[in-house]
Amino acid sequence: MTNTISKLAMALVAMAALALPAAGTAQSRLPVKFVKNAKCNLTDGAWAAVPYQTLSMVKVYETYVAPYDPYGDRNPPSDETRPIDVKAIHNGTDICFSLRWTDATQDLLTNDVPLFADAVAIQVPFNARDMWGNEGLGIEPALPELPPPAPEPVHGEFLGLCPESYHMGAMEPSPEQCGVWIAFWRPDLPGVQNVTGVGQGTVQRTSPSDPASGATVAFAKYELGSWTVILKRPLVGPSPNMVTLERGHHYPIAYSQWDGTLKERNGRKFASDDWNDNIVIE
Amino acid sequence: MATIQKQVRMVFDLNKCIGCHTCSMACKTMWTDRNDGLMYMYWNNVETRPGKGYPKGFEDAASGAGFPDGNPYLTSDAMKKVLTDNPLRPIVSHYGAAWEYNYSEVLKVEGGNASSQMLVPSPEPNGPDAYASNWDEDVGREQMPNNYYFYVPRICNHCTKPGCVAACPRKAAYKREEDGVVLIDQDRCRGYRYCVKGCPYKKSYYNPREKISQKCIFCYPRLEDPKGFPTGRHSFCFTQCTGRIRYAGFFQPASATSDNFEAEHRDLLSGARSLSEFNARFNVNRLLYEYKVALRLRPEFGTQPNLFYVPPLSPPKLSSSGSVSSEQRVPIGLLAELFGDYAGQSYSERIARVGEIFEKIEDARAGRNPGLLRILIARTEQDRLQLDLGFAA
């Protein structure tokens with residue numbers, strides 16, 4: 001683990017050049033506006049400054065397995081989609097994501113064997129700052145024109161560098177190139193979990209002694225059949241186990257959401273399809 | 001899948017089980033009384049058969065439990081079906097609530113007010129949803145004088161092909177190479193409960209407080225010191241067994257890199273292969289392959305359990321006048337439903353095997369098979385608990 005942390009730390013210093021855009025569907029950009037003194041809680045008027053963007057998530061994996069080979073036979077992605085509304089602001093110190101989605105049932109508990117709670121997560125890869133190219137620091141970067149979609153997009157392809165399991169990062173060709181940071185929220189947990197991953201089945205909660213643990217806080221409400229969850233975290237990761245986000249740069253981001261009523265957990269979820277969603281930190 | 005250098009093997013002689021639950025209490029006090037989430041679990045339970053088992057209906061194919069008929073081995077499709085369709089059972093109605101008594105109302109100690117004279121458990125143990133680890137205690141079937149029941153103590157089978165390991169998407173469940181013990185890495189587990197679904201014997205449990213899954217660990221911290229060297233001690237449920245029904249030993253597969261020694265199992269049963277010097281050290285292997293008196297519980301689940309049972313004998317029925325009849329009291333068909341050698345064995349083959357075992361034990365009882373009798377009597381603890389022989393030169 002220490003080795004992985006040090007590798008991730010090195011990766012943050014020495015960003016590899018990632019210039020090849022992924023083949024696939026159209027890119028989305030979510031501007032992260034600067035709002036001075038924004039507190040980001042549920043009643044903060046700062047949120048009025050930005051509208052929600054509706055993004056589409058796809059059903060990505062089922063945790064079906066081959067006998068005795070947990071990684072041998074997973075179901076292919078399905079065509080089902082689920083929308084999620086997203087907006088984000090920052091106050092120069094903290095960045096805040098507001099995630100809103102419709103869910104007819106509020107699932108809060110996991111205190112019995114068949115009970116699963118609703119959940120949501122955001123995910124940003126390490127080492128992917130300005131992966132589409134940047135027009136200059138401090139200026140809102142324009143996303144470059146994308147190549148035409150490939151006829152058969154390869155699910156999980158990440159810039160040609162991380163061939164597997166983009167949703168959880170990938171070990172190949174190296175953890176520092178393909179690791180991901182995840183903030184995971186579920187209502188029955190005492191706090192937002194700081195998670196890192198280098199491939200499917202590898203996600204790991206950061207140790208409680210790591211400053212990244214507890215660095216992300218959540219404000220959540222369930223009203224009229226809809227969840228709103230705000231995730232607030234420092235722009236600068238307090239340890240190598242939390243990706244640092246800098247003003248004037250853009251980052252790919254992925255969203256995942258679980259519906260407890262449908263017993264969704266782990267790979268049974270809806271998530272962004274490939275790295276097509278981006279935040280642009282103004 | 002890890003290779004297995006040697007595999008822990010267990011035999012429980014059901015003819016000696018008196019249903020005292022000392023094994024369950026040993027395990028409970030050793031491992032599962034440590035927090036609220038563990039309290040409902042019985043990693044070791046003793047259930048009465050015929051009965052619904054623990055958790056309730058765990059092997060009831062009609063409710064989607066176990067593995068689908070026609071897929072005796074764990075195929076990809078079978079596992080998908082298990083993970084999709086197998087129900088996850090609520091704790092209270094299927095495992096039984098962890099109850100507590102109203103000590104503070106009865107006793108004056110520790111702030112009690114002695115307002116009540118009666119100790120009563122809470123929650124109410126006889127409500128409509130009530131259940132427990134041995135709900136069918138001593139119920140059985142038929143009427144006096146031909147009523148019958150027997151006990152089946154169950155722990156994790158530490159299967160050669162564990163369903164829990166196959167189902168875990170995080171490799172949190174794993175099988176140790178050195179002894180084949182199946183464990184769940186408590187740091188890696190995130191409480192998805194696929195292992196609970198994936199284990200057809202339902203010996204992986206969800207801890208709702210810790211939000212992770214837990215299971216029998218074969219008392220590995222007793223078996224080895226902190227550096228991993230064997231201590232010569234055994235699992236607590238084995239050492240505390242008052243009926244001395246439990247045998248423990250190792251089976252070493254012929255191939256050092258094997259993770260599937262089922263073919264060897266069949267060869268040893270059929271006599272096509274003989275026991276190696278190492279394997280012959282252990283009475284578990286002698287009961288299995290030399291005397292052929294031990295069977296698996298529900299081998300059709302396909303996970304190749306490493307816990308075997310000497311099935312209970314079936315005494316003759318009594319007629320209304322009290323004379324002994326030639327009819328057996330415990331239907332041999334019931335035993336053949338429960339016990340067999342391997343997945344794919346037909347029902348009629350199972351019936352034949354149970355009948356054969358009856359004869360072998362009768363032979364031993366009549367003094368015609370002193371070797372078997374000596375092992376079944378197990379005069380000393382060293383006759384039953386033999387893991388230490390696995391480390392002898």
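In chain B, the 50 positive and 44 negative charges have mean positions that lie 2 Å apart. This is a predicted model, and every value below is computed from it.

**Overall build**

Chain B has 393 residues, and a compact globule with that count would have a radius of gyration near 21 Å; the chain has 21 Å, so the two agree. The C-alpha trace spans about 70 × 60 × 45 Å along its principal axes. Secondary structure amounts to 14 helices and 15 strands.

Of the 393 residues, 56% are buried. Consider the contacts between residues at least 6 apart in sequence: 67% of them join residues at least 24 apart.

Strand β12 of chain B covers residues 307-310. In a regular strand, side chains alternate between the two faces of the sheet. Here B:Leu307 and B:Tyr309 are on one side, with B:Phe308 and B:Val310 on the other. All four are buried, and both faces of the strand are covered.

| Partner strand in chain B | Sense of pairing with β12(B) | Bridges |
|---|---|---|
| β1 (residues 7-13) | parallel | four |
| β11 (residues 295-297) | antiparallel | two |

Individual bridges show where the strands meet. On the β1 side, B:Met10 has B:Leu307 as its bridge partner in β12(B). On the β11 side, B:Leu295 has B:Tyr309 as its bridge partner in β12(B). Both B:Leu307 and B:Tyr309 belong to one side of β12 and are buried.

**The loop residue B:Ser323**

Where does B:Ser323 lie in chain B? It is in the loop between β13 (316-318) and β14 (324-328). Buried residues fall under 20% relative accessible area and exposed ones over 50%. B:Ser323 has 37% relative accessibility, so it counts as partly exposed.

Which residues does B:Ser323 contact, leaving aside its neighbours within four places in sequence? They are B:Lys317 and B:Leu318. Both of these residues fall within β13 (316-318), the strand on one side of the loop.

B:Ser323 and B:Asn146 are 177 residues apart in sequence. In space, their C-alpha atoms are 12 Å apart.

Terms used
Residues are numbered from 1 along each chain as its sequence is written. Chains are lettered from A and ligands numbered from 1 in the order in which they are written. This is a predicted model: local features need pLDDT of at least 70, side-chain atom pairs count only at pLDDT 80 or more; totals for chains, interfaces and linings use all residues. Side-chain values use heavy atoms; hydrogens and water are left out. The radius of gyration is taken over C-alpha atoms; the globule rule is 2.2 Å times the number of residues to the power 0.38. Buried means under 20% relative accessible area, exposed over 50%, partly exposed in between (1.4 Å probe, protein chains only). Contact means heavy atoms within 4.5 Å. Lys and Arg count as positive and Asp and Glu as negative; His and the chain ends are not counted. The place of a charge is taken as NZ of Lys, CZ of Arg, CG of Asp or CD of Glu. Two strands pair if DSSP finds at least two bridges between them.
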